[in-house]
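Visitor: I have this one open for the first time. Can you take me through a few spots in it?

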Amino acid sequence: MSAGAAKPLTSRPPARLRLPSRLAGARARTALAVVALLVLTGALAPLLAPHDPVAQSDDILAGPGAAHPLGTDDLGRDVFSRVLYGLRVDLVVGVLGVSGAGAIGVLLALAALRSAAVDAVLQRVLDVLLAFPSLILAVAVAAVLGTGQGSITAAVVISQSALCARVVRDAMLAHRRREYILAAELAGVRPGRLLVRHLLPTAFDPLTVQLALSLSTAVFLEGGMSFVGIGVLPPDPSLGNVLQESVQYLGSEPLFAAGPLLVIVALVLCFNTLADALNRSHR
């Protein structure tokens, strides 16, 4: 091998997210556009909603019309306005919960790789957390913290931080004995800097995939917890409790359920599509 073709042992793979190329497929672009539209809609809910989402009226179970695009519920509240504000709740829960889970997961993975004893204890704790479905953990969190948006966010953080920690740890372990890591160790790089500067960037790719999947799970958790009455409680709107309120009227007023159901399905499908696109490009 010529000297010009040789690569230094200290070189390491570039830690670039390359999001534009990863999301170049038509399905991924469509999913990203739908998510962007829903995020914008949720952010502008106070401006887009035609009515106060908790205001009651005498116009009970009215069909769709100019004044009420999705009709009204059994208390005369505008369903369209409640869906817009419910979307906002889901997005806030998803962003805050998944961001917190990702940050905690990274910190746990770094702590595990700094000490074998910490790693052994931490992995057993993660095994216990991962043994329970996310919704079961959410019920346990609600039993301790009570109902509300904060309880749902905490449930997302607890359930998804375990997944993020395991993903980041495994990705870093896969590169720990690579030549550029050994070269950095021989060059005297301190262990903390070695983890953060050289190993942690190798986990960015799988972590972005997991975060996209966690956003989908966050939507599911909010919908499930609020649907069974341990999440956001009426009169405050969320997609889960608006859907729950519509169940008894599916035969007579199907559009009552169509709004929250379509938004939940769109969010879950789009986040899963984005995760799949990121995973395919990672391979």
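Visitor: Where is T147 found?
Guide: T147 lies in the loop that links α6 and α7. Keep in mind that this is a predicted model.

Visitor: How far apart are T147 and V232?
Guide: In sequence, 85 residues separate T147 and V232. In space their C-alpha atoms are 6.5 Å apart.

Visitor: Let's zoom out. How many helices and strands are there in the protein?
Guide: The protein has twelve helices and zero strands. Of its 283 residues, 44% count as buried.

Visitor: How do α4 and α7 pack?
Guide: Helix α4, residues 79–114, packs on helix α7, residues 149–175, at an angle of about 40°, and the axes are 6 Å apart. That angle makes α4 oblique to α7. The crossing of α4 past α7 is right-handed.

Visitor: Which classes of residue does the contact of α4 with α7 have?
Guide: The contact of α4 with α7 has 21 nonpolar residues, eight polar ones and one charged one.

Visitor: What about A101, buried or exposed?
Guide: A101 is in helix α4. Its relative accessibility is 0%, so A101 counts as buried.

Visitor: Which residues does the UniProt annotation "transmembrane region" cover?
Guide: The annotation, from an unreviewed UniProt entry, covers residues 91–113, 125–145, 151–168, 211–234 and 254–275.

Visitor: What does the model show for residues 91–113?
Guide: Residues 91–113 are 100% helix and 0% strand, and the C-alpha atoms at the ends of the span lie 33 Å apart. For residues 254–275 the figures are 95% helix and 0% strand, with the end C-alpha atoms 31 Å apart.

Visitor: Different topic. How many aromatic pairs does a search of the whole structure find?
Guide: One aromatic pair turns up in the whole structure. It is made by Y249 and F256, whose ring centres are 6.0 Å apart and whose planes are at 20°, so the pair is stacked. The label stacked applies because planes under 30 degrees apart count that way.

Visitor: Are Y249 and F256 buried or exposed?
Guide: Y249 is buried, at a relative accessible area of 16%. F256 is buried as well, at 3%.

Visitor: What kind of peptide bond joins P234 and P235?
Guide: A cis peptide bond, with omega at about 10°. P235 is in the loop between α10 and α11, where α11 is residues 239–246.

Visitor: Last one: what is the phi of L61?
Guide: L61 has a positive phi of about 50°, although L61 is not a glycine. L61 is placed in the loop between α3 (45–48) and α4. With 25% relative accessibility, L61 counts as partly exposed.

Technical notes:
Residues are numbered from 1 along each chain as its sequence is written. This is a predicted model: local features need pLDDT of at least 70, side-chain atom pairs count only at pLDDT 80 or more; totals for chains, interfaces and linings use all residues. Side-chain values use heavy atoms; hydrogens and water are left out. Rings of Phe, Tyr and Trp (its six-membered ring) pair if their centres lie within 6.5 Å; planes under 30 degrees apart count as stacked, over 60 as edge-to-face and the rest as tilted. Buried means under 20% relative accessible area, exposed over 50%, partly exposed in between (1.4 Å probe, protein chains only). Axes are lines fitted to C-alpha atoms, for helices over the stretch in contact, and angles run from 0 to 180 degrees between N-to-C directions. Helices (H or I, at least four residues) and strands (E, at least two) are DSSP runs, numbered from the N terminus. Angles under 35 degrees count as roughly parallel, over 145 as roughly antiparallel, 65 to 115 as roughly perpendicular and the rest as oblique. A crossing is left-handed if the near helix is turned anticlockwise from the far one by less than a right angle, and right-handed if clockwise. Ala, Val, Leu, Ile, Met, Phe, Trp, Tyr, Cys and Pro count as nonpolar, Asp, Glu, Lys and Arg as charged, and the others, Gly among them, as polar. UniProt positions are given in the numbering used here, feature names are shortened, and annotations may be inferred rather than shown by experiment.
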